[in-house]
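Hi everyone, thanks for coming.

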Amino acid sequence: MHTVIRFIIAGIIVASGLLVMFGLSSARAQSSVLSNEQLSLIRQNCQSTKSTLNQLHMTDALLRVNRGQVYEALSTKLMDRFNARLSNNQLDNKATVSVSTSYNSALNIFRSNYKAYEERLSDTLKMDCSADPSGFYWAIDDARSKRERVHGDVQRLHRLIDDYRSAVNDFLLNYDRTQR
Amino acid sequence: MEDQQNHAELFSADDQEVPSFWDRHRLSLLLIITVIVTIVFTTVSIVLYDVSGTVQLDLSRPGYRSISSQIDHDTTIDEYSAFGTLDREAIEEFIALYEEQAAKAKAVDAFNGDPLNPELLELVESSTN
């Protein structure tokens with residue numbers, strides 16, 4: 001019993017130490033990057049940066065709506081229906097269903113990652129970059145990494161679109177073989 | 001005769017029951033319940049609107065009006081029927097529809113580039129300088 005308690009206490013101490021170290025290192029990294037010159041540069045370009053971010057915010061929102069419609073239609077109007085048709089004809093649809101399930105899950109991840117990115121960018125736009133240039137800089141940095149994640153999601157969706165096409169092609173080859 | 005009169009008075013006094021608190025405030029209660037239900041449903045809808053990500057798709061919000069006209073409304077595609085026999089012709093029909101839509105989906109490498117690069121935003125001194 002005492003050994004278990006010792007292990008728990010040791011675990012808590014190690015975890016706290018790691019947290020403190022991580023916090024210190026990230027704080028040091030942040031403070032070490034921004035010099036006074038940089039902070040004044042951010043203050044100086046504050047309004048023009050906000051204007052650029054605002055434009056990006058709007059064009060990305062439009063992109064999200066237009067791309068989202070195309071990705072959605074591909075799933076609901078084509079993939080799901082083809083899977084259902086295979087199933088209705090008692091044909092093997094395991095491969096196509098597997099790809100379309102991955103596609104739908106990637107689409108959900110894309111939606112939630114875009115949401116996180118949009119919220120971060122909106123928060124950044126609300127910040128007072130003259131009063132808190134450092135916070136503004138790191139908020140943009142965070143939004144940047146979130147946007148990269150959204151781009152990664154788009155690339156994953158494109159790969160899955162190709163995978164579904166390959167799965168249909170394989171099905172067609174098998175179908176031809178069985179018809180002979 | 002007098003007994004009968006007394007009995008009638010007593011009977012009519014019993015018949016006129018004093019209305020309870022809820023009976024007297026029935027209308028007010030109805031209004032309060034209606035307002036509470038409205039507030040609850042409105043709150044739930046706003047929370048769902050925000051949490052589900054619908055807010056990000058709503059370009060009718062203030063500030064987005066200028067771009068809402070650029071929404072691509074030509075997204076109608078020929079739906080593939082989930083019913084019917086499946087022969088080679090039906091599969092080829094699907095492939096044609098799918099390739100058309102897939103080309104449309106992959107035509108744009110959305111969210112590429114690095115527009116939030118601090119150098120591009122001139123938040124740091126350019127490394128090329």
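Predicted model: local features only at pLDDT ≥ 70, side-chain atom pairs only at ≥ 80, totals over all residues.

Let's start with helix α3 of chain B, residues 26-51. This helix has 26 residues, and from its first C-alpha to its last it reaches 37 Å. After α3(B) comes B:G53, and its phi is positive, near 90°.

Staying in chain B, have a look at B:D58, in the loop between α4 (54-57) and α5 (65-68). The side chain of B:D58 makes a polar contact of 2.5 Å with the side chain of B:S60. B:D58 and B:S68 are 10 residues apart in sequence, and their C-alphas are 9.0 Å apart in space.

Okay, now the interface. If you'd rather count residues, the contact takes 62 from chain A and 55 from chain B.

What about polar links across this interface? There are 25 residue pairs in polar contact, with both partners at pLDDT 80 or more. Which elements of chain A are involved in touching chain B? Those giving two or more residues are α2 (36-44), α3 (46-88), α4 (94-126) and α5 (133-179) of chain A. Of these, α3(A) gives the most, with 28 residues. Sort the chain A side by residue type and you get 35 nonpolar, 12 polar and 15 charged.

Next, salt bridges. How many cross the interface of chain A and chain B? The rule finds 4. One pairs A:D162 with B:K106, with the closest N and O atoms 2.4 Å apart. Over all chains, the search finds 12 salt bridges. Among them is A:R147 with A:D60, where the closest N and O atoms are 2.9 Å apart. That pair links distant parts of the chain: A:R147 sits in helix α5 of chain A and A:D60 in helix α3 of chain A, 87 residues apart.

Last stop, the disulfide. As a reminder, a disulfide is a covalent bond between the sulfur atoms of two cysteines. The whole structure has 1, over all chains. A:C46 and A:C129 form it, with their sulfur atoms 1.8 Å apart. Why is this disulfide called right-handed? Because the torsion about the S-S bond is about 65°. And what does the pair tie together? A:C46 lies in helix α3 of chain A and A:C129 in the loop between α4 and α5 of chain A, so the pair joins parts that are 83 residues apart in sequence.

Terms used
Residues numbered from 1 in each chain as written. Chains lettered and ligands numbered in written order. Heavy atoms only, no water. Contact = heavy atoms within 4.5 Å. Salt bridge = Lys/Arg side-chain N within 4 Å of Asp/Glu carboxyl O. Polar contact = N/O pair within 3.5 Å; in protein donor to acceptor, adjacent residues only side chain to side chain. Helix = DSSP H or I, 4+ residues; strand = E, 2+ residues; numbered from the N terminus. Nonpolar A, V, L, I, M, F, W, Y, C, P; charged D, E, K, R; others polar. Expected span 1.5 Å × (residues − 1). Disulfide = S-S within 2.5 Å.
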